[in-house]
Amino acid sequence: MELWNSSTWGSSFILVGILNDSGAPELLCAMITFLYILALASNGLLLLVITMDVRLQVPMYLLLRQLSLMDLLFTSVVTPKTLLDYLRRENSISFGGCALQMFLALTLGGAEDLLLAFMAYDRYVAICHPLNYMIFMKPRVCWLMVATSWILASLSALGYTVYTMHYPYCKAQIKHLLCEIPPLLKLTCTDTSRYELMVYVMGVTFLIPPLAAILASYTLILFTVLHMPSNEGKKKALLTCSSHLTVVGMFYGAATFMYVLPSSFHSPKQDNIISVFYTIVTPALNPLIYSLRNKEVMGALRRVLGKHLLPTHSAF
């Protein structure tokens, strides 16, 4: 097979995303545009409220602010280019642009993976050890969690990106929404089975321990909640935790499908749908899941925006 020279910064790939394979691309484009605007507005508003309202300057909301920031950046790495490419009928992405997009997507996805585990630990401490909450979750510890999420994820992403992009590529057409490892490896001219195995093992290593920590945290939380004497306390604890578990389920479900399931279970169409889910749908839904069911956030929203914009008799 003739080698396509992809290993230079001047060469380009062709991203054949979900809009190109859709039977109704205009409708899908409108839906993606709506979800992106929703993600920008809801995550931006949540960031503003948590930053401006002093009552939300506690570890739980500082971690939630980081989650909103990650979601905002994650969807912005992918969605604007997807929409512009469709409108301009130009789907190319440079070699360097592909590497940058992969690095950013892996960094943000990995950071969110770790942050969700830290958020579960925060809920465990708040519900199971409320008297010691500000000892275990003092600001220094909270910021250490945030820094650990960003640093470990960026180092992992850098290693993956450099190694993936060093391969020679024989094809230019990426049948995927964005530059990610699995679809890119299908275009290489060499045997990548060992690297694919390493990606699988590292994917399991990066996803399973945080997921196990989340499940352990919520198991202990459930036991504690069941022994609470107050029904109101039980309801509040379960409501807070159910929001987090919903986000965890959406994120880890998509990540497991993409990076843990063997490649034989994948098809380009399935991968495109899953990638839309975790890069566009989930970032739009996360802030709504956390805020609409949270009285403290909605109260802060009223205080920040003013009662004339969001009346106190609102259903929220």
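Is Asp53 buried or exposed, and what is its relative accessible area? Asp53 is buried, with a relative accessible area of 7%, where buried means under 20%, exposed over 50% and partly exposed in between, computed with a 1.4 Å probe on protein chains only. This is a predicted model, in which local features need pLDDT of at least 70 and side-chain atom pairs count only at pLDDT 80 or more, while totals for chains, interfaces and linings use all residues. Residues are numbered from 1 along each chain as its sequence is written, and side-chain values use heavy atoms, leaving out hydrogens and water.

The structure holds four salt bridges, each defined as a side-chain nitrogen of Lys or Arg within 4 Å of a carboxyl oxygen of Asp or Glu. The table gives three of them.

| Pair | Closest N to O |
|---|---|
| Arg303 and Asp53 | 2.9 Å |
| Asp122 and Arg123 | 2.9 Å |

Arg303, which forms a salt bridge with Asp53, links distant parts of the chain, since Arg303 lies in helix 11 (residues 295-305) and Asp53 in the loop between helix 2 (25-52) and helix 3 (59-88), 250 residues apart. Helices here are DSSP runs of H or I with at least four residues, numbered from the N terminus. Arg303 itself is partly exposed, at 40% relative accessible area.

Within helix 3, Asp85 and Arg88 are three residues apart, which means that about one helical turn separates them. Asp122 and Arg123 are both buried.

How values were computed
Helices (H or I, at least four residues) and strands (E, at least two) are DSSP runs, numbered from the N terminus.
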